[in-house]
Amino acid sequence: MLNKNAKLNEKLFDQGVEQKPTRDGYGEGLVNAGYEDPNVVVLCADLTESTRCEAFAKKFPDRFFEVGVAEQNLATIAAGLGVTGKIPFIASYATFSPGRNWEQVRTTISYNDSNVKVIGAHAGISVGPDGATHQAIEDIATMRVMANMRVIVPCDAIEAKKATMAVAKVWGPAYVRLGREKTPVFTTEATPFTIGKAEVLWESNGKKGKSKKPQVAIIGCGPLLHRALQAAHELEEEGIGTIVLNSHTVKPLDEKKIVEVAEACGAVVTVEEHQVSGGLGGAVAELLAKHMPVPMEFIGMQNVFGESGQPDELIEKYGMGTSDIKDAVKRVARRA
Amino acid sequence: MTTPLHEKKLKFLEEMANTIREDVIKALVEAKSGHSAGPLGMADIFTAMYFHVLNHDPKKPDWPDRDRLVLSNGHICPVLYTTLAHAGYFPVEELMTLRKLNSRLQGHPHRKALPGLETTSGPLGSGLSQAIGMALALRLDNKKNSRVYCLTSDGEHQEGNIWEAIMFAGKQGSKLNRLTAIMDRNNIQIDGFTEQVMPLEPLREKYESFGWHVIDVNGHDIAEFVAAVNEAQAIYEKPTMIIAHTIPGKGVSFMENDFTWHGKPPSPEEAKRALHELRTLRGQIMSEHE
């Protein structure tokens with residue numbers, strides 16, 4: 001059942017649950033951060049509206065810089081601002097930033113310890129019709145591997161807003177991953193959010209109906225967590241208990257909590273809209289191999305590129321739908 | 001405004017530049033790796049910057065109102081380290097730790113490693129953008145007395161990032177009039193002469209067409225260089241690029257204008273010859289050390 005302490009949206013399983021892109025939450029959080037701290041500045045590379053930097057640009061025109069289609073310059077100008085007292089947010093599509101400018105992010109932001117927040121919008125295959133060139137499915141890996149970099153993948157618009165305001169307040173380089181499409185808003189303003197702290201969203205307690213104690217921990221990040229909750233809900237009806245953990249912070253990982261749920265369940269499924277190597281799944285596998293080796297299954301892109309299509313079609317075709325998560329849970333439970 | 005250069009100060013700077021060249025050679029031969037040509041070629045300009053132009057305080061390297069010097073072509077850091085040491089940022093003896101384990105003097109400069117460094121550099125083409133970011137931040141904070149200088153190389157103008165920066169700065173115009181870039185135009189890079197590897201000219205016309213003020217100077221004439229910095233400070237409408245024409249390996253006859261000295265240190269025997277040449281100004285004077 002839903003974890004009461006997570007204070008999730010009670011209508012999250014309804015057809016009519018509110019849908020909103022995570023990038024919208026970022027845009028709102030950015031304006032709030034701008035009011036809270038005059039040192040917040042924003043740079044964008046010709047994608048001001050679609051990365052939702054527009055509201056900030058209108059409220060604080062002196063603190064907004066349009067750099068044109070130049071992602072290397074986007075990162076390096078921000079690096080200079082970030083070591084001179086500013087808190088720069090740089091926004092583009094994740095395939096371009098931190099894709100094209102990876103070395104600049106590494107040297108001038110991460111190693112240089114500049115207080116820059118890298119915002120990768122249009123991440124994941126759910127970008128849809130634009131096709132594989134615009135679907136970032138490697139960015140968690142390429143950012144996670146950098147020393148001195150935080151990596152946060154919000155699960156809905158409200159969490160994206162909280163994450164944006166939180167990274168503005170904490171010193172140091174950070175990457176925040178956003179999606180293009182409208183996705184269910186299943187957390188609420190009251191849902192706890194702390195960088196580096198994973199939240200249990202669902203925990204079967206064995207009391208209701210045929211449900212048993214949790215056998216599998218589903219550890220996910222991003223909007224796919226809504227499908228993970230649907231899978232958990234349906235599995236409970238089938239008598240399979242699970243825990244669903246929102247690991248929004250991929251780096252630093254909440255090691256204690258992840259080891260705890262892996263130990264409690266004895267099997268893990270990771271869920272992310274990203275390549276199955278190098279992302280959240282990789283991070284969890286690295287941790288558990290050392291501290292709590294249990295059977296794992298990985299939901300995500302299976303070492304292939306995406307293609308054009310509608311977001312929901314793509315999620316299904318590439319094996320990240322609710323039924324895929326349920327199948328993975330059953331597979332891994334048999335191995336436990 | 002940088003104060004005018006009197007004869008006595010000029011002589012001091014010229015002698016300091018020679019001392020810095022000697023210490024660059026000593027550090028490189030001790031390190032057994034590193035770059036020789038660029039640091040020797042830029043010794044006059046680094047000396048002029050840290051001993052005359054920059055408004056800085058070695059005792060307070062984080063002073064918010066300081067001028068910033070961003071080294072974009074990080075591989076010439078031996079001359080930056082040597083100048084910082086002589087300016088009082090750290091003991092001159094520490095130059096002997098260059099490139100060694102646990103040293104603050106990393107093979108390419110790291111901002112967090114050593115006081116006085118404004119950025120981390122080595123991968124080419126990204127310094128000018130960082131200098132722009134610093135200048136924008138200082139402008140937002142209304143620090144009207146702080147200027148930002150970016151030292152860049154000619155070879156790194158083959159990187160795309162730097163042209164993105166040049167374009168952006170041209171767009172900003174007078175908002176970046178406290179930004180001055182200085183190019184080490186020594187015509188060499190690792191694989192050979194720049195115009196053979198990948199032609200860069202006409203550099204002046206390229207910068208001007210992007211909206212910059214451009215001044216060409218002899219990079220070994222400290223008085224001419226300081227006059228160019230003064231001119232840059234007087235330009236209101238736009239940022240300035242000072243193209244400093246230099247001789248790579250300047251001061252050491254067998255290194256001058258030879259691109260093979262871009263990325264290697266002298267052997268102990270070569271260092272001895274180099275130091276002799278520098279101490280005697282190529283035989284014009286007697287060395288007190290010999």
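In chain A, 32 residues of domain 1 are in contact with 30 residues of domain 2, two residues being in contact if their C-beta atoms, placed from the backbone, lie within 7 Å. Four elements of chain A each supply at least two residues of the side of domain 1 that touches domain 2: strand E12 (249–251), strand E13 (268–275), helix H9 (280–291) and helix H10 (311–317). Helices (H or I, at least four residues) and strands (E, at least two) are DSSP runs, numbered from the N terminus. E13(A) gives the most to this side of domain 1, with four residues.

This is a predicted model, in which local features need pLDDT of at least 70 and side-chain atom pairs count only at pLDDT 80 or more, while totals for chains, interfaces and linings use all residues. Residues are numbered from 1 along each chain as its sequence is written, and chains are lettered from A and ligands numbered from 1 in the order in which they are written.

Domain 1 of chain A comprises 4–16 + 191–335, and domain 2 comprises 20–181; these bounds come from an automatic or database domain assignment. The centres of the two domains, taken over C-alpha atoms, are 26 Å apart.

Between the chains, the contact takes 21 residues from chain A and 22 residues from chain B. On the chain B side, helix H5 (127–140) and helix H6 (160–172) are the elements that give two or more residues. H5(B) gives the most, with nine residues.

Within chain A, the axes of helix H1 (residues 22–36) and helix H6 (residues 157–169) come within 7 Å and cross at roughly 35°. Axes are lines fitted to C-alpha atoms, for helices over the stretch in contact, and angles run from 0 to 180 degrees between N-to-C directions. Among the residues making the contact are A:Tyr26 and A:Leu30 of H1(A), and A:Met165 and A:Ala168 of H6(A).

The residue composition of these contacts is as follows.

| Side of domain 1 (chain A) that touches domain 2 (chain A) | 15 residues | 13 residues | four residues |

Ala, Val, Leu, Ile, Met, Phe, Trp, Tyr, Cys and Pro count as nonpolar, Asp, Glu, Lys and Arg as charged, and the others, Gly among them, as polar.

Chain B also holds an open sheet of five strands in the order E1-E2-E3-E7-E6, with parallel pairing; two strands pair if DSSP finds at least two bridges between them. Six bridges join E6(B) to strand E7 (residues 240–245) of chain B.
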